[in-house]
Amino acid sequence: METPISKDKSTHTNSFSHPSGGLGGAVATRNACKLCAPLGASVAFKGIRGCVPIIHGGQGCATYIRRYLISHYKEPVDIASSNFTEESTIFGGGANCLAAIENVISQYQPEVIGMATTCLSETIGDDVKFYIRNYKDLSDRETLPHFISASTPSYQGSHIDGFHEAVASAVKSIAEGGEKGEHLNIFPGFVSPEDIRQIKTILEDFTIPSILLPDYSETLDNPIWESYHRIPEGGTPIESVKKCGSARASIELGTILNKGSLSGRVKNNALATTAAEYLQESFGVENHRMPLPLGVNNCDHFFETLSQISGKSIPMKYTKERGRLIDSYVDGHKYVFGKRAVVYGEEDLVVALSSFLNEIGIEVALAASGGESGRLEDEIRKYCPENTPEITVQNGYDYEMIHEWCIENKPDILIGNSKAYYIARELDIPIVRCGFPIHDRIGGQRIKHVGYTGTQELFDQIINELIGYKQDHSEVGYKYM
Amino acid sequence: MNDILKERQNQVVTKGKDDAAIACGKASVAGSVSQRACVFCGSRVVLYPIADALHLIHGPVGCAAYTWDIRGSLSSGPQLHRLSFTTDLKEKEVVFGGEPKLYQALISLIDNYKPKAAFVYATCIVGVIGDDVEAVCRRVTREKGIDVLAIMSEGFNGTKKDGYKLACGALSKLIGTDQTSIVPEHSINILGDFNLAGELWMLAEYYRRMGVNMVACMTGDGRIDDVRKAHKAKLNVVQCSGSMTYLAKDIEDKYGIPFMKVSYFGIEDMSDALYEVARFFKSDEMIQKARELVREELSKLLPELQKYRAQLEGKKAAIYVGGAFKAISLVKALRLLGMKTVVVGSQTGNQDDYNLLKELCDEGTIIVDDSNPNELSEFVKQTGANLFIGGVKERPIAFKLGLGFCDHNHERKEALAGYEGMLNFAKEVHASVCSPVWKFMK
Ligand code: SF4
Ligand code: SF4
């Protein structure tokens with residue numbers, strides 16, 4: 001027998017014809033461009049100090065989610081499962097839920113337990129809040145952890161909905177009112193650990209006391225350890241979450257959040273409130289909602305808001321960073337102008353990236369997300385004034401739809417997570433990896449997207465990718481740009 | 001070890017200290033961070049490498065998203081298995097039923113991708129919302145003229161092993177449906193190889209050099225038409241005790257085809273796998289050829305291995321993998337490199353496997369069933385292991401503790417089976433244990 005290991009670039013092209021028009025995709029999802037809700041909830045829970053997430057459902061969900069997260073963060077990610085069996089599916093998952101809580105407490109002694117439901121436990125109508133009350137009643141332990149429970153059936157929303165749902169649940173169950181303090185709440189959204197570190201540095205430099213929720217900058221990006229930590233250090237302390245109610249204001253990064261998609265919820269559309277909205281309604285904490293600070297315009301908005309809320313001027317360091325960024329825009333503008341990009345992934349990241357590309361003269365040809373808010377188009381039109389007529393914006397897209405779109409429209413560059421690599425490879429288009437997940441490279445957790453320096457890094461990478469592509473494909477190769 | 005959950009204490013034994021048999025085959029304890037997956041995972045893993053079939057996951061998006069192209073099972077032709085298809089059920093279907101969506105999804109995917117057969121995997125909520133998946137599959141089979149097989153793999157309905165069984169059941173339905181093909185005299189099926197990093201191609205080539213023909217591999221580089229004629233082989237050679245033994249037994253019952261269990265990992269086991277087959281066919285010529293092959297391969301391999309052994313002698317390893325059979329081969333292969341196994345465990349081992357492990361290992365070796373990160377990190381510390389061999393979920397545990405790590409999972413890119421595989425393994429162990437970066441861990 002021949003050993004037909006084909007090493008050529010086309011190994012992923014399948015020998016089946018590509019249905020154009022995406023008939024297959026109209027009904028089935030082909031290579032989903034989204035993940036399921038408990039994954040997002042687990043990430044958010046990881047950003048609370050001393051928190052162990054429990055996913056209430058079948059063992060597979062938790063194991064798959066852990067594996068997916070570990071491949072991105074390259075860190076231990078402990079997530080427990082309540083391990084549904086046939087009996088729990090028939091008679092309810094109460095017993096398993098209590099056993100899971102008990103076992104997690106005895107193994108981890110967590111400060112907080114974050115419970116996320118699954119499609120299965122939601123479908124059979126399990127009431128996790130009730131189980132938690134039950135557990136508390138029955139337990140003879142002296143101290144019990146705090147409990148946060150998020151309703152995260154994936155048939156109602158993606159990982160992003162799950163993420164915001166978990167953050168909102170934390171705030172709803174823990175935040176307290178009180179005399180207004182000096183501090184600011186920041187809800188960064190589903191950004192990288194490096195982004196969280198960056199935002200923290202900015203606030204420190206401004207000398208504004210602040211609470212970031214969630215903060216997985218350490219828990220999902222640990223240094224090496226002397227000995228194994230059952231629960232990694234870091235995360236937003238519960239005391240801080242309590243104080244969210246007495247903050248001077250909130251800044252919520254992202255403008256789509258979990259808004260649109262959850263409004264279709266049949267069972268519980270009250271869930272579509274964000275943490276910051278809740279704080280505004282319940283405690284009068286003024287909310288400033290804005291896109292992720294990526295790109296000069298979005299960063300300016302963020303820095304000006306900080307300055308305006310705190311009454312402090314923008315530290316010189318950032319004025320210089322901004323200056324350098326714009327200087328590099330000038331140095332590089334010719335190499336990017338008119339290039340056509342495909343931007344894909346989480347909706348709020350897609351909005352921010354598009355707005356950034358728009359300001360440097362890259363045409364966003366396709367902005368696509370598996371999210372189903374139905375609001376992506378409006379947001380993109382709002383934040384991409386330069387080239388709106390050209391943009392194709394697609395909610396509810398999957399990678400095969402992107403693939404087919406690329407075959408027809410031949411873009412110059414793909415910008416987003418690592419999952420579209422196969423498209424880039426097949427069609428020989430450069431790809432710049434950012435966002436989540438990055439499964440085929442090291443350092444996904446350290447990609448910086450936000451702030452002037454985050455923008456700078458992305459800008460350099462995009463431009464070098466385009467220059468490199470041209471250089472690699474040139475007849476002679478050359479030594480100067 | 002007071003860190004082990006009470007319910008789990010009989011799932012850990014130390015050779016020389018505990019006489020009691022290990023408890024295994026138990027469901028994972030609720031709330032433990034088990035490294036196991038679910039029934040669906042078991043089925044998906046086994047059938048995944050069939051490259052010309054459509055694999056449609058009926059359920060909400062996650063189960064499909066997390067299993068998209070996660071294994072390095074190579075195909076020499078079609079790549080349809082590397083696409084992740086799901087009905088991506090929404091609230092509407094959860095309330096009103098998902099059958100219409102499943103039907104339409106199947107029809108449109110079959111029309112567009114023209115697969116040779118289709119597998120439909122039912123995940124957790126499908127049973128609960130009452131979809132009759134089998135009925136939809138029968139209907140599409142009638143309308144489209146290809147086999148559409150329902151795998152009722154609701155995740156909660158057992159363990160990964162039950163998923164293997166379901167997958168074997170589906171294969172069993174296909175086997176025997178090709179009555180016309182004629183296969184050579186000395187023909188075998190290879191069961192339980194998934195063609196990770198092209199391993200199957202290597203093995204098939206060894207057998208070919210001995211004059212043995214392979215009818216079907218189930219399921220590495222798998223093709224539906226090969227599976228259909230698998231009953232024409234004379235012998236089933238089964239690797240990996242966990243997943244495919246059910247099928248081998250089933251074929252034996254139905255067609256009287258015997259099977260033998262082998263491992264292709266490590267020199268001894270690999271060579272045995274060739275000799276055993278030659279002996280089965282009672283052909284002196286074949287035995288002769290097998291001997292030549294082994295001699296030739298070893299004369300290339302052994303001098304190369306020596307270099308690595310010199311540096312690895314006396315180092316200690318911890319092993320935690322899916323199947324116990326694999327663990328057994330690993331213990332032997334490490335020994336060949338001069339290394340001692342101090343911890344060994346698996347997700348799905350049975351009593352026989354663990355007894356064998358106990359026999360094989362040195363005094364003081366910890367043997368464990370269905371472990372978790374807490375325990376594993378504890379064991380590794382206790383025993384002072386230098387190397388951890390496991391799957392993707394164990395890697396960060398090892399790395400955080402400053403320990404070398406080798407992937408022995410299903411997404412690896414280097415072949416580890418066969419003679420070439422042994423050399424790759426030695427290289428990888430060497431790179432993991434001897435890298436200078438560990439000196440910063442002090
Ligand atoms: S059942 Fe739902 S929660 Fe579990 S993996 Fe599938 S989509 Fe995610
Ligand atoms: S346990 Fe059920 S829902 Fe979760 S991954 Fe497995 S099949 Fe999917």
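How many salt bridges are there between chain B and chain A? The count is three, and one of them can be named: the side chain of Asp88(B) meets that of Lys34(A), with 2.8 Å from N to O. The model is a predicted one, so everything below is read from computed coordinates.

On the chain B side, 74 residues are in contact with chain A, and on the chain A side 79 residues are in contact with chain B. The size of an interface is often given as the accessible area lost when the parts come together. For chain B and chain A, that buried area comes to about 6,800 Å², with 63% of it from carbon and sulfur atoms. Three residues stand out on chain B: Tyr66(B), Glu91(B) and Lys400(B) supply 13% of the area that chain B buries against chain A, more than any other three residues.

As for where the chain B residues come from, helix H4 of chain B (residues 99–113) gives the most to the side that touches chain A, with seven residues. Sorted by class, that side of chain B has 39 nonpolar residues, along with 19 polar and 16 charged ones.

The two chains also share some strand pairing. Strand S1 of chain A (residues 29–30) runs antiparallel to strand S3 of chain B (residues 85–86), and two bridges join them. Within this pairing, Thr29(A) sits opposite Thr86(B).

Turning to chain A by itself, the chain splits into domain 1, covering 37–290, and domain 2, covering 296–472. Their C-alpha centres lie 28 Å apart. The two domains touch through 40 residues of domain 1 and 42 residues of domain 2, and the area buried between them is about 3,500 Å², of which carbon and sulfur atoms give 66%. On the domain 1 side, the residues that lose the most area to domain 2 are His72(A), Phe206(A) and Ile256(A), which together make up 22% of what that side buries.

Between the domains of chain A the count is one salt bridge. Here the side chains of Lys317(A) and Asp205(A) come together at 2.6 Å, N to O. Several elements of domain 1 give two or more residues to the side that touches domain 2, among them helix H3 (59–73), helix H8 (159–174) and strand S8 (249–253) of chain A. Helix H9(A) gives the most, with 11 residues. By class, this side of domain 1 has 20 nonpolar, 12 polar and eight charged residues.

Chain A also holds an open sheet. Strands of a sheet pair through backbone hydrogen bonds, either parallel or antiparallel. In this case four strands line up in the order S3-S2-S4-S5 of chain A, and the pairing is parallel. At the edges are strand S3 (80–81) and strand S5 (146–150) of chain A, each of which pairs on one side only. Strand S4 of chain A (residues 112–117) runs parallel to S5(A), and five bridges join the two. One residue pair in this stretch is Val112(A) with His146(A), its bridge partner in S5(A).

How values were computed
Residues are numbered from 1 along each chain as its sequence is written. Chains are lettered from A and ligands numbered from 1 in the order in which they are written. This is a predicted model: local features need pLDDT of at least 70, side-chain atom pairs count only at pLDDT 80 or more; totals for chains, interfaces and linings use all residues. Side-chain values use heavy atoms; hydrogens and water are left out. Domain bounds come from an automatic or database domain assignment. Contact means heavy atoms within 4.5 Å. Buried area is the accessible area (1.4 Å probe) that two parts lose on being put together, summed over both. A salt bridge is a side-chain nitrogen of Lys or Arg within 4 Å of a carboxyl oxygen of Asp or Glu. Ala, Val, Leu, Ile, Met, Phe, Trp, Tyr, Cys and Pro count as nonpolar, Asp, Glu, Lys and Arg as charged, and the others, Gly among them, as polar. Two strands pair if DSSP finds at least two bridges between them.
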